[in-house]
Amino acid sequence: MKILVVGGGGREHAIIRALKQSPACTEIWCAPGNGGIGYDARCKDIKATDVEAMVAFAKAEQFDYVVVAQDDPLALGMVDALAAVGIPAFGPNKAAARIEASKVFAKDLMKKYGIPTAGYETFDDPARALEYIRAQGKWPVVIKADGLALGKGVLICEDEAQAEDGLKEIMLDKKFGASGNHVVVEEFLTGPEVSVLSFTDGKVVKPMVSSMDHKRANDNDTGLNTGGMGTVAPNPYYTPEVARRCMDEIFLPTIRAMQAEGCPFQGCLYFGLMITPDGPKVIEYNCRFGDPEAQVVLPLLESDLLTVMTACTGGALADTEVKFRDGAAACVILASGGYPVHYEKGKEITGLTDGQLPGAEDVTVYHAGTAVQDGRLVTAGGRVLGVTATADTLPAALEKAYAAADKIHFDKLHRRSDIGARALKALAAGK
C-alpha cells in the first residue's frame, strides 16, 4: 500500500515509524512533513489545512490510504473530501471531528447522554460570562475557547482579575481568532490527569495503553502551558478498576452518543480524563492521536498499526486484535529556549546520524520541529525533538530517555528534568 500521512510534527513521525513496520506498507509520504521526517518518508510541502491541494495530490499520486493525523484538516472535512474521490482515510469525518473542534458541542453531548464531566455553561458574551463567574464565586475557574487553539485555548483563572483578562484575551482580543467567539466556563476539577487514546470504528472501541502528559514548560509543573514537554506510559493512576469504570461510564457511552447523533466516530478518539474523588470525568476529547502521547503509546503497540487503522475505516475493529507489550515508555521533549513564547530557529542539532541516535537501543528520536539546511539538521520549531525510550519498567525507560537526550545538543536547548517524577511517586505509593 502507498500511504500518505497528513501533518508535520512528532506525532506524525511516530505514526510513520509505526506504519513502516507493516509488511503491507510499500511506500510512505508525509505532507508537509519536516526535515527529520524526511529520513523516514518522502515529504511534500503542502499545508496540512489546504484540503483542496492535499486531495488533488493524493489523487494524482494514487495513494491507497491516507492518515489525517492533525486536528485542523479533520475539522475542515479532509476525510470527507478524500472519500468523495474514492480514497479511504483514517480519521473522523467533519461532523464527528466536532467532538474536538467545538468544546460547546462536546460538553452538550456529555450533558445530553450523562457522560461524567465538569459542570459548565457556555457564553458568546464576555460580560455575561463574567457575571456568571462572579455569581459562582468558586476559584479557580476554567475558561475554554470553543474552537481549536493549538492546545492552548484553556485558561485556569485563580481570581476575578484573571478571569476578566482571560475573557478579554479570548473573546475581545481574539487571541485564537474565531475559536474565541464562544467560550465554555467550567468548574475546576482536581485529581490526577490521564490520557487514553483509543481506536474506534464507530461501533467498537479498543483503548490503547494509558499515558501521562506534562503540559507546563518548566520543572515542578511551573511556567506556561505548552503542547506537552514529555510523556510516560502507562499511567499508574489508570488502575484496572478505573479502566473498567471508564469503559462503562465514558468510552462506550461516547461512541453510542456519537452514533445516536448521526455522526459515528471512526479513527483515534482521545479521552483526556481527570480521576476525581467522585470517579473519572472527561476534561476534553481530541479527534486524533495526542502529541506527545503518540510518541509513548505507539512504540508499545505490538499489533500491526496499518491493519488496525484500516479496520477502523472499514468497520471491522471487532475482529481485529489490538495488543500492547508489557513494560513502559518515556518521552522527553527537547524544545527551543523561550518556547512556548518567543524562540529562535535555525540552530544546528548535533549528536544524530540520519535523524537518530547511533547505537542507542530501544530509543527513537521523533522529529517535531526540524529542517535540513545545506545538509545540516537544524531547529525549526518550538518543540524540536521527542526522545522516546522503551524498557521493562518506567524507571528504566526514563533513565534510557534522559541518557539519550544528554547526547543531543543545540544552542539554547530547553527541557524538563522531571518527566515521569509524579508517575514514579505514584508507583512508589502503590497506586
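Guide: Two strands count as paired if DSSP finds at least two bridges between them, and with that rule in hand we can read the sheet in this predicted model.

Visitor: What makes E2 and strand E3 (residues 42-43) a pair?

Guide: E2 and E3 are joined by 2 bridges and run parallel; the rule asks for at least two bridges, so these strands qualify as a pair. Among the bridge partners here are cysteine 30 and, in E3, cysteine 43.

Visitor: How many bridges join strand E1 (residues 2-7) to strand E2 (residues 27-32), and how many join E1 to strand E4 (residues 65-68)?

Guide: Between E1 and E2, which run parallel, there are 6 bridges, with glycine 7 standing opposite proline 32 in E2. Between E1 and E4, which also run parallel, there are 4 bridges, and valine 6 stands opposite valine 68 in E4.

Visitor: Why are E3 and strand E5 (89-90) called edge strands?

Guide: The open sheet has 5 strands in the order E3-E2-E1-E4-E5, with parallel pairing. E3 and E5 are its edge strands, as each of them pairs on one side only.

Visitor: Which helices accompany these strands, and what is the handedness of the unit made by E1, helix H1 (residues 10-19) and E2?

Guide: E1, H1 and E2 make a right-handed β-α-β unit; the term applies because, with the strands pointing away from the viewer, the path from the first strand over the helix to the second runs clockwise. Helix H2 (residues 51-60) lies across E1, E2 and E4, running at about 170 degrees to E1. Helix H11 (residues 305-314) also packs on the sheet, where it touches E1, E4 and E5, and its direction makes about 90 degrees with that of E4.

Visitor: How do you know what to call the arrangement of helix H6 (residues 103-113) and helix H9 (residues 240-260)?

Guide: These two helices pack at an angle of about 105 degrees, with their axes 10 Å apart. Angles of 65 to 115 degrees count as roughly perpendicular, so H6 is roughly perpendicular to H9. In this contact Phe105, Leu109 and Tyr113 of H6 meet Ala257, Met258 and Ala260 of H9, and its residues divide into 6 nonpolar, no polar and no charged.

Visitor: Why is lysine 174 placed in its accessibility class, and what of aspartate 354?

Guide: Lysine 174 has 34% relative accessibility, which falls between the limits of 20% and 50% and therefore counts as partly exposed. Aspartate 354 has a relative accessible area of 58%, which is over 50%, so this residue is exposed. Phi of lysine 174 is near 55 degrees and phi of aspartate 354 is near 50 degrees, each a positive value in a residue other than glycine. Lysine 174 sits in the loop between helix H8 (160-172) and strand E9 (183-187), whereas aspartate 354 belongs to the loop between strand E18 (328-336) and strand E19 (363-367).

Notes
Residues numbered from 1 in each chain as written. Predicted model: local features only at pLDDT ≥ 70, side-chain atom pairs only at ≥ 80, totals over all residues. Heavy atoms only, no water. Axes fitted to C-alpha atoms, helices over the stretch in contact; angles between N-to-C directions. Parallel < 35°, antiparallel > 145°, perpendicular 65-115°, else oblique. Contact = heavy atoms within 4.5 Å. Nonpolar A, V, L, I, M, F, W, Y, C, P; charged D, E, K, R; others polar. Buried < 20%, exposed > 50% of the residue type's maximum accessible area, 1.4 Å probe, protein only.
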